[in-house]
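Q: I'm new to reading protein models. Could you walk me through this one, feature by feature?

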Amino acid sequence: MDSDALFEVVAAPPPRPGPDHDRRAPLAVRMRPRRLDELVGQQHLLAEGSPLRRLVEADQSTALVLWGPPGTGKTTIAGIVSAQTNRRFVEVSAVSAGVKEVRETIDAARRSLVNGGPETVLFVDEVHRFSKAQQDALLPGVENRWVTLIAATTENPFFSVISPLLSRSLLLTLEPLTDDAIRDVIDRALLDERGLAGCVRLDEDARDQLVRLAGGDARRALTYLEAAANAVGEDEAVVTLSLLELAVDRAAVRYDRQGDQHYDVISAFIKSVRGSDVDAALHYFARMIAAGEDPRFIARRLVILASEDIGLADPTALTTAVAAAQSVQLIGMPEARLNLGQAVIALALAPKSNAVISAVDAALADVSAGRIGAVPSHLRDAHYRGASTLGHGSDYRYAHDDPRGVAPQRHAPDAVADRSYYAPTQHGAEAEYASRLERIKAILSGN
């Protein structure tokens, strides 16, 4: 692939009001605010003297990390900063661009400055998808102010953005839009020349339902409004509640395919399987399949769940999940929906235990807290010359020499000798593990 195809360099578009606006663009794109004063919601970011206003009105160069749910204005803010400060707008794809492309983009921005050209706004959407190396490549441009970096993420940046980049950036948190803000967005779209230009009205019941469906997401509200407006007949000019519901059913699936309901649905899916509600699990599974969700993503989540929520209560759960994931790779869709569906049913009906993740996290917590200690001498490597003179391996008891298959001896360092991490439940096959663990601990302690 040509590297130029991996990222797009475009000048920030000037305001284009009026009937000549590109009507082929989605309504949410046509109605995107062009100035800070047009931005709906996020009043905590728009106050006089706020960092965002200083960046725009005082033409300062500051790196921003915008954190918030979909449809709250992250991409819009990047465009506004670029347009109102007359900076060149460059968007780098966090999905397809590599380190080379990031560096080339920053080098081009630096050359533009050296040659007296415009400054550059470098917009990275979904920055959490960038690897550490890709994020590292952004640092020189930020440190030297060759670019005004605006990085957007829907995930907690303290976990998804590297510390050096986060410490050099101003973190702005965007909140879901209020119902009143969504109503404002809808009203503007109905009347504005860039939007529906007064050609369609929305009755009150439909308006209230549209606000509820939006869930604080302006883009979702406009996507649903456009779908309903397109369904209005030639002799009609009103979007009714029944027409909206009919249109939204079709629009919602297309929207899911773009990933905006992705996190809510997968969350409900996992929690339904964990809660052993097989019918609810199959419902959310069907919604994801119908929306075109990547089946590999579903398979990966099932593999994780098999250990996190089932574990040794049903040791075959992990095998089932892995087999389903392999089936997706081997045969693909749509046939692999059967393999995934089988895994969904099996995991939903399996006995549940979180003992595995609890044990692993408890052990990690001790290690992180510094409870480490020296490896006991009898467990240390005794295969090199001089090891015996240090006492390494002496008094080690070979488990297979004991008829029980377990030899009484201590394995843990002194610092955690009294710690117990794995606490098996009495669910499913794990009840047998609980009984066996009790017998093993008795032997190890010499009882």
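**Reading the model step by step**

A: Let's start with the end of a helix: helix 10 is followed by Gly215, whose phi is positive, near 60 degrees. Keep in mind that this is a predicted model.

Q: Which residues of helix 10 are buried?

A: Helix 10 covers residues 204-214, and its buried residues are Ala206, Arg207, Gln209, Leu210, Val211 and Ala214. Here's the general idea for reading such a list. An α-helix has 3.6 residues a turn, so residues three or four places apart point the same way.

Q: Okay, and what does the whole chain look like? How many helices and strands are there?

A: You'll find 19 helices and eight strands. Of the 447 residues, 42% are buried. If you take contacts between residues at least 6 apart in sequence, 73% of them join residues at least 24 apart. As for the surface, the chain exposes about 23400 Å², with carbon and sulfur atoms supplying 52% of that.

Q: Which helices do the buried residues of helix 13 pack against?

A: They pack against helix 14, helix 15 and helix 17. The buried set in helix 13 is His262, Val265, Ile266, Ala268, Phe269, Ile270, Ser272 and Val273. After helix 13 comes Ser276, with a positive phi near 65 degrees.

Q: Can we zoom in on one residue? Is Val328 buried or exposed?

A: Val328 has a relative accessible area of 7%, so it counts as buried, since the cut-off for buried is under 20%. Val328 is in helix 16.

Q: What does Val328 touch?

A: Leaving out residues up to four places away in sequence, Val328 touches Pro295, Arg296, Ala299, Ala336 and Leu340. Now try a distance: Val328 and Asn339 are eleven residues apart in sequence, and their C-alpha atoms are 7.7 Å apart in space.

Q: Which residues other than glycine have a positive phi?

A: Gln42 is one of them, with phi near 55 degrees. Arg145 is another, also near 55 degrees.

Q: Where do those two sit, and are they buried or exposed?

A: Gln42 lies in the loop between helix 1 and helix 2, and its 5% relative accessibility makes it buried. Arg145 is in the loop between helix 6 and strand 5; at 55% relative accessibility, Arg145 is exposed.

Q: Last one: how do I read aromatic rings?

A: A pair of aromatic rings is described by the distance of the centres and the angle of the planes. This structure holds one aromatic pair. A ring can also have a charge over it: the charged end of Arg110 sits over the ring of Trp146, 5.7 Å from its centre.

Methods. Residues numbered from 1 in each chain as written. Predicted model: local features only at pLDDT ≥ 70, side-chain atom pairs only at ≥ 80, totals over all residues. Heavy atoms only, no water. Helix = DSSP H or I, 4+ residues; strand = E, 2+ residues; numbered from the N terminus. Buried < 20%, exposed > 50% of the residue type's maximum accessible area, 1.4 Å probe, protein only. Contact = heavy atoms within 4.5 Å. Areas by Shrake-Rupley, 256 points an atom, 1.4 Å probe, with all protein chains shown as cover. Phe/Tyr/Trp six-rings, centres within 6.5 Å; stacked < 30°, edge-to-face > 60°. Lys NZ or Arg CZ within 6 Å of the ring centre and 35° of its normal.
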